[in-house]
Amino acid sequence: MEYRDKKVSESIVETVHIVRPADLNDAGRLFGGVLMQWIDEVAALVAKRHSQRNVTTASVDNLRFLHGVFPRDVVVIIGKVTHVGNTSMEVKVESYVESPDGTRALVNRAFLTLVGLDENGKAVRLPRLILETEQDRKEWERAETRRQLRKKQSAEGFHFYSE
C-alpha cells in the first residue's frame with residue numbers, strides 16, 4: 001500500500017453525542033471518563049485517517065475540564081492532526097456543548113500523542129503533514145513547543161508512575 005503525505009483537512013474527525021443517563025456521574029454531570037473515552041476515540045480516528053495504519057495512544061496532555069456537561073446536552077468533539085514526527089503525531093481534540101441554536105461552548109481541549117503501527121505492532125514512519133493555512137502553521141509551531149516540553153520532562157524523569 002502506498003502511503004502519501006496528507007493535509008490537515010483530510011484527517012479531521014467530528015463526532016456528536018447526546019449525554020444519556022448512563023454517561024452521568026453521581027453529581028448528575030457527564031462522567032469525565034466517558035468524555036476521555038470519546039476524546040481518545042476521536043484522536044485514534046484522526047490518526048488512522050492520517051497514517052492509514054493502526055495506531056496506539058502514547059500520551060494525553062492538557063486534559064482540562066472547563067465546565068460541566070449535563071443530561072441531554074449535545075457534545076460535539078472535533079479532532080485534527082497538529083504535528084507529525086517520525087513515528088508519532090499530535091492530535092488536538094476539542095469538545096463543545098452545542099446549544100439548540102447551534103452555538104458551541106468549549107468544555108475541553110486535549111492534546112494526544114499517537115504512534116503509527118505496522119502489522120507486527122511496531123512503530124512505523126508516518127506520512128508527512130501538509131500545512132496549507134496560516135492556522136495549520138501556527139498549530140504546528142505550538143505543537144513543536146509542547147513536543148519540546150514533553151522531551152524535557154521525560155529527560156528530567158517527570159513521570160506520574162513509580163518505577
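**Salt bridges in the predicted model**

The side chains of E132 and K7 form a salt bridge, with N and O 3.7 Å apart. A salt bridge here is a side-chain nitrogen of Lys or Arg within 4 Å of a carboxyl oxygen of Asp or Glu. This pair joins distant parts of the chain, 125 residues apart. K7 belongs to strand 1 (residues 6-7), while E132 sits in the loop between strand 7 (129-130) and helix 2 (134-155). Helices (H or I, at least four residues) and strands (E, at least two) are DSSP runs, numbered from the N terminus. E132 is partly exposed, at 41% relative accessible area. K7 is also partly exposed, at 34%. Partly exposed lies between buried (under 20% relative accessible area) and exposed (over 50%), using a 1.4 Å probe and protein chains only.

The structure is a predicted model, in which local features need pLDDT of at least 70, side-chain atom pairs count only at pLDDT 80 or more, and totals for chains, interfaces and linings use all residues. Residues are numbered from 1 along each chain as its sequence is written, and side-chain values use heavy atoms, without hydrogens and water.

K92 takes part in two further pairings. With E139, the N to O distance is 2.7 Å.

Across the whole structure, the search finds 13 salt bridges.
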